[in-house]
Amino acid sequence: MTVLARVAPPVFSSRRAARLVERNILGYRRNWWVLLSGFFEPVFYLFGIGYGLGSLVPSVVGPSGEPISYGLFVAPALLASSAMNGAIYDSTFNVFFKLRYAKTYDAVLATPLGVGDVALGEITWALIRGTLYSIGFVAVMVLFGLVASPWALLTLPAAMLIGFAFAAVGMAATTFMRQWTDFDYITMATLPLFLFSATFYPITAYPETLQVIVSLTPLYQGVDLLRSLTTGAVGPGLLWHVAYLLVMGLIGLVIAARRLDKLLLK
């Protein structure tokens, strides 16, 4: 590998990366039910917790300080979690298998595609998969009246942004893994995020010091963004969430491309 390759930023081409996305689509033509199965998990959580536990909780304080139903409080958080889990699954387990066992990327790099295109293509596919789940979940939210503002129209692009951020970081993390047991670290990261990012109760339930820590976690950024959009609590502060997730995704994309360059072209 040349010194220039080590210093220069990775090159990305959306046109070439689209070929890798197309390959993934063709690969799932006969396994479409695998894609469909990922949609039901957040829906089960919504019915089991949003309505089951919600029947015991008359109302919760929303982002604007006004009381809202528990279902309306939980639904956007589950949408954010669904976007995270869908993106993480595809950009970690699937990428690891292709990288370490199937040697898919070694074959791909024999074509005009480069390592930057591989990273962009796989992250885009993970984003597409997460977006499909988000579309279905938003439809369920609308059907059951869990949307209280026209700003909810922006929940889909916001969920896509969440998916991009976690897919990029997930793929970057995967390039450091050497064996399947390393994926325990992924669970160690995503499970606490799911449980403690103000998903099922307001962040004010924590002590002040812990509130600051939780507010800096990536899933909380997505949860608060989607919850504010669905309830109409829109303000300049949401731009911080957008910037946080965008920068997180871009950093993950660059790291993933550089790591793939080191692993595949060494």
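Trainee: Where is K103 placed in this predicted model, and why is K103 called partly exposed?

Mentor: K103 sits in the loop between α4 and α5. Its relative accessible area is 46%; buried means under 20% and exposed over 50%, with partly exposed in between, so K103 is partly exposed.

Trainee: Is A198 buried or exposed, and how do you know?

Mentor: A198 is in the loop between α8 and α9 (208–215). Its relative accessibility is 1%, and the cut-off for buried is under 20%; A198 therefore counts as buried.

Trainee: Why is S55 called exposed?

Mentor: S55 lies in the loop between α3 (32–52) and β1 (60–61). Its relative accessible area is 59%, and exposed means over 50%, so S55 is exposed.

Trainee: What makes R19 and E22 a salt bridge?

Mentor: The closest N and O atoms of R19 and E22 are 3.2 Å apart. A salt bridge requires a side-chain nitrogen of Lys or Arg within 4 Å of a carboxyl oxygen of Asp or Glu, so the pair qualifies. Both residues lie in helix α2 (residues 14–27), 3 residues apart, about one turn of the helix. R19 is partly exposed at 45% relative accessible area, and E22 is partly exposed at 38%.

Trainee: How many salt bridges does the structure hold, and which residue forms one with K98?

Mentor: The structure holds 2 salt bridges. K98 pairs with E122, the closest N and O atoms being 3.1 Å apart. K98 lies in helix α4 and E122 in helix α6 (residues 115–143), so this pair ties together parts that are 24 residues apart in sequence. K98 and E122 are both buried.

Trainee: Why are α4 and α8 called roughly antiparallel?

Mentor: Their axes cross at roughly 170° and come within 11 Å. Angles over 145 degrees count as roughly antiparallel; α4 and α8 are therefore described in that way. In this pairing, L78, S81, M84, I88 and T92 of α4 meet I186, T190, L193 and F194 of α8.

Trainee: Which residues make the nonpolar surface patch, and why is Y101 called partly exposed?

Mentor: Y89, F93, F97, Y101 and W180 make this patch of about 510 Å². Y101 is in the loop between α4 (70–100) and α5 (104–108). Its relative accessibility of 46% falls between the cut-offs of 20% and 50%, so Y101 counts as partly exposed.

Notes: Residues numbered from 1 in each chain as written. Predicted model: local features only at pLDDT ≥ 70, side-chain atom pairs only at ≥ 80, totals over all residues. Heavy atoms only, no water. Patch = residues over 30% accessible without salt bridge, like charges linked within 9 Å, V, L, I, M, F, W, Y side chains within 5 Å. Areas by Shrake-Rupley, 256 points an atom, 1.4 Å probe, with all protein chains shown as cover. Helix = DSSP H or I, 4+ residues; strand = E, 2+ residues; numbered from the N terminus. Buried < 20%, exposed > 50% of the residue type's maximum accessible area, 1.4 Å probe, protein only. Axes fitted to C-alpha atoms, helices over the stretch in contact; angles between N-to-C directions. Parallel < 35°, antiparallel > 145°, perpendicular 65-115°, else oblique. Contact = heavy atoms within 4.5 Å.
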